[in-house]
Amino acid sequence: MKPIVQGFFDPATWTVSYVVYEKEGSACAIIDSVLDYDHKSGRTRTISADKLIAFVREKNLQVVWILETHAHADHLSAAPYLRKHLGGKIAIGEAITGVQKIFKDIFNLEPEFKADGSQFDHLLKDGEAFAIGALTTQVMSVPGHTPACMAYQVGDAVFVGDTLFMPDVGTARCDFPGGDAHQLYASIRKLLSLPDETRLFMCHDYPPDSREPVWETTVAAQRKGNIHVHDGVSEADFVKMRTLRDATLEMPVLILPSIQVNIRAGEMPPKEANGVAYLKIPINML
Ligand SMILES: N[C@@H](CCC(=O)N[C@@H](CS)C(=O)NCC(=O)O)C(=O)O
Ligand SMILES: [Fe+2]
């Protein structure tokens, strides 16, 4: 089973969104969509999401799933906008409830906000399988970057979320609340135990100046050449490297708006009495 995978790179957040499908006219899933957000003005736009909609319509696809690999900390999800225009169910890993609990406290959210995942249409379990038309998808829990990270295996293609990046870039950070470098190492070894020729699709590319963004690689290429976790790198060495590097990283530009929206499955916070939705900035919390 070799699905067709179309990637859409967002240069503002270095995110890759995907449409995965069997053939023209078939069912499809959309993975890790982006709602454009201008931090300076607080204004959202749907240029990125509209590209996905145009592609789905051009190929005459029926959206059955709108998947998130995790509650992203660097961009807002366009899942509700896509569902409104294309249909489909919004799904994320079941451990999102733990992420919601952590951030409900950090953002002191309204008491009505339920940390039970009910904002999503479906919560996915490790090992669960679901259909995208004739394609079967297997859900793999890959915690470490966040506790709720999931990878989606569709035939020979795996959408790895934020675990591995391209071999010359390495791996995802583990310093967000609930992150854990030991867990990320185990999750990556699990991904790299798949057959050598498995196609791996990244959620981000942070390319060096010397090349253009790319987002597809293989298990064999990662095992041979990933600068952080090629074969032979021990867990202890990986954790040491990751911890030292994480201590040097700034928070993503959009972490505060992204988390508040993404733990609500991409919805804005409830409107206040004047009909306007607001996002919060917790002082000295992150
Ligand atoms: N400069 C980017 C950084 C985004 C970021 O921190 N990305 C996470 C994934 S959500 C990561 O793992 N980065 C790895 C790294 O920068 O080494 C931004 O502001 O958006
Ligand atoms: Fe991430």
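Is Lys40 buried or exposed? Lys40 is exposed, with a relative accessible area of 79%; exposed means over 50%, buried under 20% and partly exposed in between, with a 1.4 Å probe and protein chains only. The side chain of Lys40 meets that of Asp38 in a salt bridge, at 3.2 Å from N to O. A salt bridge here is a side-chain nitrogen of Lys or Arg within 4 Å of a carboxyl oxygen of Asp or Glu. Asp38 is partly exposed, at 28%.

The model is predicted; local features need pLDDT of at least 70, side-chain atom pairs count only at pLDDT 80 or more, and totals for chains, interfaces and linings use all residues. Residues are numbered from 1 along each chain as its sequence is written, chains are lettered from A and ligands numbered from 1 in the order written, and side-chain values use heavy atoms, without hydrogens and water.

By the salt-bridge rule, the count comes to 16. Asp126 pairs with Lys190, their closest N and O atoms being 4.0 Å apart. This pair links distant parts of the chain, 64 residues apart: Asp126 lies in the loop between β8 (122-124) and β9 (129-132), and Lys190 in helix α4 (residues 181-191). Helices (H or I, at least four residues) and strands (E, at least two) are DSSP runs, numbered from the N terminus. Asp126 is partly exposed at 48% relative accessibility. Lys190 is also partly exposed, at 32%.

Asp231 and Arg223 form another salt bridge, at 2.9 Å from N to O. Asp231 is partly exposed at 32%, and Arg223 at 30%. Shared partners join Lys2, Asp156 and Arg199 into one salt-bridge network.
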